[in-house]
Amino acid sequence: MTATKRPFTVVGGQAVREALAGREGEVVERVREAYLLHDAGDTINPDSYFLRFPAKPDSRIIALPAYLGGSVDMAGIKWISSFPGNTGRGLPRASAVLVLNDYETGYPVALLESAAISAARTAASAALAARTLVPGPPATWGVVGTGVIAREICRYLTASGLGAERVHCHDLDPEAAAAFAARFPGGTATGLDTALDADLVVFATTALAPYVPAGHRFKPGQTVLHVSLRDLAPETLLEAANLCDDVDHCLKADTSPHLAEQLTGGRDFITGSLVDVLAGRVTPDPARPVVFSPFGMGVLDLAVGSYVLDRAVEAGTATEIPGFFPVEGE
């Protein structure tokens with residue numbers, strides 16, 4: 001079959017979820033491999049492009065183009081929207097699609113529903129960081145922001161053997177925090193301070209600017225998964241060992257690390273990347289808390305998306321659309 005005649009394939013949301021169900025370990029491994037390929041230079045991961053709306057400052061649509069080499073050898077782009085007002089309409093905050101392109105010809109070969117893929121790659125990245133940085137199962141989690149991303153992160157943490165005896169949940173919506181806490185035998189809805197005091201702290205909010213007080217200091221031994229990136233005052237980061245997924249990507253768009261760079265005029269507060277720790281090039285100072293701030297990389301979407309595509313094709317849940325692209329002479 002020539003590349004130009006390869007059927008265009010669509011994988012809908014239900015098929016995506018079926019492909020991911022119960023395979024957290026495999027997804028984490030795909031994410032780990034993507035990080036290592038990025039470290040080896042076998043990726044292209046341009047800046048994300050943010051489409052913002054002056055009349056809706058809390059909403060955005062982001063384009064994440066990328067190329068991932070290795071066994072995946074595909075290019076693609078994720079187009080993901082975040083409209084927090086959707087929750088009041090009974091709709092999910094985020095919606096997304098992922099386009100995968102054949103590297104040889106550039107032809108798009110698949111379109112996948114990608115809100116679930118994006119959540120899975122985010123959760124897998126957080127779980128990989130926790131597995132790498134946390135010395136053992138934490139006694140307590142503190143979960144700040146209790147939406148879909150928090151749910152996925154907690155599921156991946158549990159699957160990675162990092163479940164906690166007590167889970168302190170905080171959200172601006174107390175009912176949401178209580179409902180989230182009810183998922184766990186040791187779950188409670190708490191104030192922000194209690195959540196921040198946990199052994200493993202997860203930030204999964206839609207915050208546009210830091211709200212944790214500048215005077216807050218995490219304790220040595222705490223691990224903070226700063227997934228939502230804009231929760232912490234820069235002064236708090238300066239007292240911690242700071243790790244990113246990709247330093248250049250993370251220090252932009254007014255993330256907390258970017259604000260810390262602006263405050264200090266440099267990047268000396270950055271300890272390194274997660275891959276630096278995985279590769280043994282960096283060991284965080286045990287006398288300081290560790291904050292992992294992942295900006296989110298398109299190569300991770302390609303890693304998980306290509307995995308989902310393979311699983312869906314194998315299961316017969318992917319829909320082929322022959323003739324989607326016209327072929328000259330036919």
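The points below go through a predicted model, from its domains down to single residues.

1. Domains. The protein is divided into domain 1, which takes in residues 7-115 together with 297-318, and domain 2, which covers residues 127-291. Taken over C-alpha atoms, the centres of domain 1 and domain 2 are separated by 23 Å. To the contact between them, domain 1 gives 16 residues and domain 2 gives 17 residues.

2. The area between the domains. Domain 1 and domain 2 bury about 1600 Å² between them, and 62% of this area is on carbon and sulfur atoms.

3. Helices H2 and H4. Two packed helices are described by the angle between their axes and the distance between the axes. Helix H2, made of residues 24-39, packs with H4 at an angle of about 100°, and their axes are 9 Å apart. Angles of 65 to 115 degrees count as roughly perpendicular, and H2 and H4 are therefore roughly perpendicular to each other. On the side of H2 the contact is made by Glu24, Val27 and Val28, while H4 contributes Arg155, Tyr156 and Ala159. Sorted by class, the residues of this contact of H2 with H4 are four nonpolar, no polar and two charged.

4. Helices H1 and H3. Helix H1 (residues 13-20) and helix H3 (residues 115-133) pack with their axes 9 Å apart and at an angle of about 25°. Because angles under 35 degrees count as roughly parallel, H1 is roughly parallel to H3. The residues that make the contact are Val16, Arg17 and Leu20 of H1, together with Ala116, Ile117 and Ala120 of H3. Of the residues in this contact of H1 with H3, five are nonpolar, none is polar and one is charged.

5. Glu152. This residue is found in helix H4, which runs over residues 148-159. Is Glu152 buried or exposed? Glu152 has a relative accessible area of 10%, and because buried means under 20%, Glu152 is buried. Leaving aside neighbours within four places in sequence, Glu152 is in contact with Ala119 and Ala123.

6. Thr223. The place of Thr223 is in strand E12, and Thr223 is buried, with a relative accessible area of 3%. When residues up to four places away in sequence are not counted, Thr223 touches Leu133, Val134, Asp199, Leu200, Val201 and Val290.

7. Helix H9. In helix H9, which consists of residues 256-264, the buried residues are Ser256, Pro257, His258, Ala260 and Glu261. What covers these buried residues of H9 includes strand E12 (223-226), helix H7 (234-237), helix H8 (247-250) and strand E15 (290-293). Just after H9, Gly265 takes a positive phi of about 80°.

8. Leu192. This residue lies in helix H6, residues 192-196, and at 19% relative accessibility Leu192 counts as buried. Leaving aside neighbours within four places in sequence, Leu192 is in contact with Val144, His170 and Tyr211. The C-alpha atoms of Leu192 and Tyr49 are separated by 32 Å, and these two residues are 143 residues apart along the chain.

Definitions and conventions:
Residues numbered from 1 in each chain as written. Predicted model: local features only at pLDDT ≥ 70, side-chain atom pairs only at ≥ 80, totals over all residues. Heavy atoms only, no water. Helix = DSSP H or I, 4+ residues; strand = E, 2+ residues; numbered from the N terminus. Buried < 20%, exposed > 50% of the residue type's maximum accessible area, 1.4 Å probe, protein only. Contact = heavy atoms within 4.5 Å. Axes fitted to C-alpha atoms, helices over the stretch in contact; angles between N-to-C directions. Parallel < 35°, antiparallel > 145°, perpendicular 65-115°, else oblique. Nonpolar A, V, L, I, M, F, W, Y, C, P; charged D, E, K, R; others polar. Domains from an automatic or database assignment. Buried area = accessible area lost by both parts, 1.4 Å probe.
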